[in-house]
Amino acid sequence: MKSTKICPYCKSAFTTEKNSRKYCRKKCAELATKLKPKKKMSHLCQWCGHIFASARKRKFCTKGCQSCYMRELGLVRMAKIKIPVKVTLTQAAQGSKAEGVSYGTFVTAHKLI
């Protein structure tokens with residue numbers, strides 16, 4: 001059973017046998033996906049412990065934190081010792097469970113932001 005639909009990207013009419021098809025061609029679907037705003041997620045900086053928002057998976061909030069980490073990493077590799085991470089996500093989650101508060105309240109109370 002063929003149905004006529006309108007492509008949301010280029011606004012042209014097209015016929016399709018699949019009811020789930022939304023765009024007239026693959027190129028329209030790709031271009032529409034690129035225009036969609038990316039959802040930002042919260043991340044915990046592995047160097048300073050700040051929580052920051054980013055659309056990509058990142059470990060550090062700024063280039064400064066990353067360079068400090070890399071500088072320490074160079075010293076660590078030469079001395080063969082571990083880098084002390086100030087706060088890990090797991091430690092913050094366990095601390096919030098131990099105190100019986102939400103993660104956000106725990107982070108704010110202990111000034112991890």
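Ser-54 is found in strand β4, which spans residues 51–54; here helices (H or I, at least four residues) and strands (E, at least two) are DSSP runs, numbered from the N terminus. The model is a predicted one, in which local features need pLDDT of at least 70 and side-chain atom pairs count only at pLDDT 80 or more, while totals for chains, interfaces and linings use all residues. Residues are numbered from 1 along each chain as its sequence is written, and side-chain values use heavy atoms, with hydrogens and water left out.

Ser-54 is buried, with a relative accessible area of 8%, where buried means under 20% relative accessible area, exposed over 50%, and partly exposed in between (1.4 Å probe, protein chains only). The side chain of Ser-54 reaches the backbone oxygen of Arg-56 at 3.1 Å. When its neighbours within four places in sequence are left aside, Ser-54 is in contact (heavy atoms within 4.5 Å) with Lys-39, Lys-40, Met-41 and His-43.

**The chain as a whole**

The secondary structure comes to 4 helices and 4 strands, and from the N terminus on the elements run β-β-α-β-β-α-α-α. Of the 113 residues in the chain, 24% are buried. Among contacts between residues at least 6 apart in sequence, 14% join residues at least 24 apart. The chain exposes about 9,100 Å², of which carbon and sulfur atoms supply 57%; accessible areas come from the Shrake-Rupley method with a 1.4 Å probe, and for residues only the protein chains shown count as cover.

**The core and its rings**

The largest nonpolar core has 8 residues, namely Cys-45, Trp-47, Phe-52, Phe-60, Cys-61, Cys-65, Tyr-69 and Leu-73. Helix α2 (residues 63–79) gives the most to this core, with 3 residues. A nonpolar core is a set of buried Ala, Val, Leu, Ile, Met, Phe, Trp, Tyr and Cys residues joined through side-chain atoms within 4.5 Å. Phe-52, its neighbours within four places in sequence again left aside, is in contact with residues including Met-41, His-43, Cys-45, Phe-60 and Cys-61.

A pair of aromatic rings is described by the distance of the centres and the angle of the planes. Rings of Phe, Tyr and Trp (its six-membered ring) pair if their centres lie within 6.5 Å, and planes under 30 degrees apart count as stacked, over 60 as edge-to-face and the rest as tilted.

| Pair | Centre to centre | Angle between planes | Type |
|---|---|---|---|
| Trp-47 and Tyr-69 | 6.5 Å | 80° | edge-to-face |
| Phe-60 and Tyr-69 | 5.0 Å | 45° | tilted |

Trp-47 lies in the loop between β3 (41–44) and β4, and Tyr-69 in helix α2, so their pair ties together parts that are 22 residues apart in sequence. Both Trp-47 and Tyr-69 are buried, and Phe-60 is buried as well. Ring pairs link Trp-47, Phe-60 and Tyr-69 into a cluster.

**Helix α3**

In helix α3 (residues 89–99), Ala-92, Gly-95 and Ser-96 are buried. These residues cover an arc of only 100° around the axis, which puts them on the same side of α3, the arc being that of the directions from the helix axis to the C-beta atoms. What covers the buried residues of α3 includes α4 (103–109), whereas the face turned away from the buried side carries the exposed residues Thr-90, Gln-94, Lys-97 and Ala-98. Just after α3, Gly-100 takes a positive phi of about 75°.

Definitions and conventions:
A polar contact is a pair of N or O atoms within 3.5 Å; within protein, one must be able to donate a hydrogen and the other to accept it, and residues adjacent in sequence count only if both atoms are side-chain atoms.
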